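This briefing concerns one protein structure. Please have the sequence and the coordinates at hand while reading.

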Amino acid sequence: MSNIYWADGEYIPKEQAKISPLTHTLHYGLGAFEGVRSYQSHDGKKSLIFRLVDHTKRLLESAKIIGVDVDYSLDQLIEAQIEVVKRSKLTNSYIRPLVYIGSERLGLDIIDIDRHVMISCIEWPNYFGSDAQEKGIDVMISSFTRQFPNSLMTKSKISGGYVNGIMAHDLARKNGFQEAILLDTNGFIAEGSGQNIFLVKDGELLTPSLNCCLNGITRRTVVEFAKDNNIPVKERNITRDEICVADEVFLCGTASEIAPVKSVDKIKIGNGRRGDVTALIQKLYFDTVSGKLEQYQSWLTSVE
């Protein structure tokens with residue numbers, strides 16, 4: 001299976017994709033990216049990219065927030081992602097568009113440094129392993145705090161911004177957990193290391209307000225699923241102790257999909273396995289991305 005990349009308008013084999021060791025983004029982290037998934041359709045005839053337009057719009061918005069101009073239009077970037085999936089011959093894939101700046105010089109001045117875009121496409125199995133979709137994962141509350149909007153733009157997927165999540169995740173793994181939950185600067189629940197978080201309590205779905213969280217596209221999807229199935233959704237500040245007494249907890253994101261949480265800081269959540277609401281949301285998600293549900297077809301882009 002040959003992976004094909006798109007780099008500044010050219011389709012190239014993975015082996016030919018090279019960047020300079022002086023690439024500015026590599027040193028300082030000023031770049032923007034997206035994570036997009038494609039799934040095999042339920043009839044096995046094609047690949048379906050989930051919410052491609054929404055992801056690509058956010059990529060351009062992220063680049064704008066950090067002051068990096070992109071020379072390609074929304075339509076050009078959408079077409080390039082479709083073509084990369086098609087040329088790579090991958091059905092279930094993870095697509096990674098990256099906006100980065102060049103190698104003309106180092107230092108913090110980015111004026112007149114070239115802007116670049118690269119799109120890659122790889123195979124990516126379930127983020128936490130296939131068993132986790134049913135059995136759930138163990139998480140810990142991290143000692144790392146999620147960035148505040150004044151310290152780093154939190155509505156954009158900035159490459160360097162994920163150092164915070166990587167350190168939290170790595171510490172969790174070293175302590176025997178599969179993931180971390182970060183608090184905001186006021187001590188309220190923020191999100192996972194790279195996922196949004198939902199709690200289920202007394203039939204309601206609770207999720208942190210977007211004060212310091214990424215407005216995740218999977219998060220938006222979950223909210224739509226809940227509303228369409230008459231599950232009340234509340235966005236508000238959530239305290240750390242509310243997680244301990246939640247009926248269900250799950251994380252969501254493009255890479256991790258819908259991941260049930262079975263314990264937090266070794267405190268069992270609910271019955272210690274995937275709950276009914278989480279199972280419903282998870283089923284709706286996988287039925288949607290495989291094209292089974294007619295009402296969500298507008299979220300899918302077909303690659304034949």
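The points below treat pockets, aromatic contacts, strand pairing and backbone angles in turn.

The model is predicted: local features need pLDDT of at least 70, side-chain atom pairs count only at pLDDT 80 or more, and totals for chains, interfaces and linings use all residues. Residues are numbered from 1 along each chain as its sequence is written, and side-chain values use heavy atoms, with hydrogens and water left out. Helices (DSSP runs of H or I, at least four residues) and strands (runs of E, at least two) are numbered from the N terminus.

**Pockets**

- A pocket is an open set of points on a 1 Å grid over the protein atoms alone, where a 1.4 Å probe fits, with protein on both sides within 12 Å along at least five of seven lines; lining residues have an atom within 4 Å of a point.
- The largest pocket has a volume of about 730 Å³, a volume being the space filled by probe spheres set on the points, which are joined across faces, edges and corners.
- Its lining comprises 40 residues, and F33, K157, Y162, S193 and G194 lie nearest the centre of the largest pocket.
- At least two lining residues of the largest pocket come from each of α2 (52-65), β6 (93-101), α5 (163-174), α6 (217-228) and β14 (248-253); α5 gives the largest share, 4 residues.
- The lining of the largest pocket divides into 16 nonpolar, 18 polar and 6 charged residues, where Ala, Val, Leu, Ile, Met, Phe, Trp, Tyr, Cys and Pro count as nonpolar, Asp, Glu, Lys and Arg as charged, and the others, Gly among them, as polar.
- The second largest pocket holds about 180 Å³ of space, and its lining consists of I19, T23, T25, L26, G29, L98, Y100, S159 and G160.

**Aromatic pairs and charges over rings**

- Rings of Phe, Tyr and Trp (its six-membered ring) pair if their centres lie within 6.5 Å; planes under 30 degrees apart count as stacked, over 60 as edge-to-face and the rest as tilted.
- The whole structure contains 13 aromatic pairs.
- F33 and Y162 form an edge-to-face pair, because their ring centres are 5.1 Å apart and their planes stand at 65°.
- This pair links distant parts of the chain, 129 residues apart: F33 belongs to strand β3 (residues 31-33), and Y162 to the loop between β8 (137-145) and α5.
- F33 is buried at a relative accessible area of 8%, whereas Y162 is partly exposed at 24%; buried means under 20% relative accessible area, exposed over 50% and partly exposed in between (1.4 Å probe, protein chains only).
- The rings of F50 and Y285, with centres 5.7 Å apart and planes at 80°, are likewise edge-to-face.
- Since F50 lies in strand β5 (residues 47-50) and Y285 in helix α8 (residues 276-289), their pair ties together parts that are 235 residues apart in sequence.
- F50 is buried at 4% relative accessibility, and Y285 is buried at 1%.
- Ring pairs join Y39, F50, F225, Y285, F286, Y296 and W299 into a cluster.
- The charged end of R51 sits over the ring of W299, 4.3 Å from its centre; this requires NZ of Lys or CZ of Arg within 6 Å of the ring centre and within 35 degrees of the ring normal.
- The charged end of R87 sits over the ring of Y11, at 4.0 Å from its centre.

**Strand pairing**

- Two strands pair if DSSP finds at least two bridges between them.
- Strands β1 (residues 4-7) and β2 (residues 10-13) run antiparallel, joined by 4 bridges, and I4 stands opposite P13 in β2.
- β8 pairs with β15 in the parallel sense over 3 bridges, with I137 opposite V261 in β15.
- β8 also pairs with strand β9 (residues 179-183), in the parallel sense over 4 bridges; here M140 stands opposite A180 in β9.

**Positive phi angles**

- Most residues other than glycine have a negative phi.
- D8 takes a positive phi near 50° in the hairpin of β1 and β2, which has 2 residues between the strands.
- K89, with a positive phi near 60°, lies in the loop between α3 (74-88) and β6 and is exposed at 63% relative accessible area.
- E257 has a positive phi of about 60°; E257 is found in strand β15 (residues 257-264) and is buried, with a relative accessible area of 4%.
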